[in-house]
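Student: I am new to this one and would like to go through it step by step. Could you show it to me before we start?

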Amino acid sequence: MGQDALTQRYLPVLIVIIISFIIGFSMLLISRLIRPKRPYTLKLTPYECGIPSTEDTWERFNVKFYIVALVFVIFDVEIIFLYPWALVYKKIGFYALLEMYLFIFILLIGYFYAIGKKVFNWSKE
Amino acid sequence: MIYLIFAYFCASMIGITLMALTRKNPVHSVLWLLLLFLHIAVLYLFLNAEFLAVVQVIVYAGAILVMFLFTVFLLGAKELPKGKRYTDLPEGKALIGLSLTGVFIGAFSSITTAWKGKYTIEYIEKIGNTKALGVMLFNEYPLAVFLLGIILLIPMIAVAVIAWRAK
């Protein structure tokens, strides 16, 4: 593994990034050049389902959104560990299957505990 | 060529960090942080840690940043207290500086490269980065996998506690 192998292996990724940047910015630039610009107050107000916006956007969000984000992080990390597991599953066999069952079981305990505590129940009662 | 790319990433990471720190709008800071995380992923590629780079993109840029964003929303960032923080005090600054120095000394004195042992660079190159990690993790360190499950269980319980307190 030389240094050149790295650049060669990730050259396609670099090209994709460059092309996507060019496409994105050229779209913005061309539309800026050819569109007419006639702003007025009503046009510049943020769109809020067609009704006039009532309050400042910097309000406090409900903690329920944060909880969903936290659960997403937990299961994202779990999925990450399935990648190396899936690659070596054939090599290790039943032992790896048992390990992954136990790993997911530990997480499912927490998940069902959270469901039992009505964490995902969004209705007001 | 590779040194040029490396130099670009190092310089831009410092610049991006400064941008993230100096933004007035916390949501803009989070977006600069997203760019920083993507640059860190490339830094992992320089270390031949391809799996770690993918984890950096999927977990950090994908999931943890969403959590940062929701934290900003949850705080209602305009309401942040303007009073003195412990980082403004000279004692606080000294404490942070000293503890960071301690961490750096600890990290740099315990650096080991993978030239020796069973998992040499050639071996990892042969069977692939992610596969090498999988073999090591599920063959030799099954206890670590269970500990990981328990570590991930703790935030799940925290979720239940937050929801219980919110009611």
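Student: What are the axes of α1 and α2 of chain B doing where they come together?

Tutor: In this predicted model, the axes of helix α1 (residues 2–22) of chain B and helix α2 (residues 26–46) of chain B come within 9 Å and cross at roughly 155 degrees. Axes here are lines fitted to C-alpha atoms, for helices over the stretch in contact, and angles run from 0 to 180 degrees between N-to-C directions. Helices (H or I, at least four residues) and strands (E, at least two) are DSSP runs, numbered from the N terminus.

Student: Parallel or antiparallel, then?

Tutor: α1(B) and α2(B) are therefore roughly antiparallel to each other, given that angles under 35 degrees count as roughly parallel, over 145 as roughly antiparallel, 65 to 115 as roughly perpendicular and the rest as oblique.

Student: Which classes of residue make up that contact?

Tutor: The contact of α1(B) with α2(B) has 17 nonpolar, 4 polar and no charged residues. Ala, Val, Leu, Ile, Met, Phe, Trp, Tyr, Cys and Pro count as nonpolar, Asp, Glu, Lys and Arg as charged, and the others, Gly among them, as polar. Among the residues that meet are Phe6(B) and Phe9(B) in α1(B), and Trp32(B) and Leu33(B) in α2(B), where contact means heavy atoms within 4.5 Å.

Student: What does Leu33(B) touch?

Tutor: Leaving aside residues up to four places away in sequence, Leu33(B) touches Ala20(B), Leu65(B) and Phe68(B). Leu33(B) and Phe46(B) are 13 residues apart in sequence, and 20 Å separate them in space, C-alpha to C-alpha.

Student: And how do α2(B) and α3(B) pack?

Tutor: α2(B) and helix α3 (residues 50–75) of chain B pack at an angle of about 170 degrees, with their axes 8 Å apart, and α2(B) and α3(B) are therefore roughly antiparallel to each other. The contact includes Leu33(B) and Phe37(B) of α2(B) as well as Leu65(B) and Phe68(B) of α3(B), and its residues divide into 21 nonpolar, 1 polar and 1 charged.

Student: Switching topic, how much do chain B and chain A bury between them?

Tutor: Chain B and chain A bury about 5,000 Å² between them, 79% of it on carbon and sulfur atoms; buried area is the accessible area (1.4 Å probe) that two parts lose on being put together, summed over both. In chain B, Leu74(B), Phe138(B) and Met156(B) lose the most area to chain A, together 15% of what that side buries. In terms of contacts, 56 residues of chain B are in contact with 50 residues of chain A.

Student: Where does Phe138(B) sit in a helix contact with chain A?

Tutor: Phe138(B) is one of the residues of α6(B) that meet α3(A), whose own side includes Phe81(A) and Trp85(A). The axes of helix α3 (residues 63–92) of chain A and helix α6 (residues 129–140) of chain B come within 8 Å and cross at roughly 75 degrees, and the two helices are therefore roughly perpendicular to each other.

Student: What are the confidence scores, and what are the ground rules?

Tutor: The mean pLDDT (the predictor's confidence in each residue, from 0 to 100) of chain B is 85, and 89% of its residues reach 70 or more, while the model scores ipTM 0.75 and pTM 0.78. Residues are numbered from 1 along each chain as its sequence is written, and chains are lettered from A and ligands numbered from 1 in the order in which they are written. Local features need pLDDT of at least 70, side-chain atom pairs count only at pLDDT 80 or more, totals for chains, interfaces and linings use all residues, and side-chain values use heavy atoms, with hydrogens and water left out.
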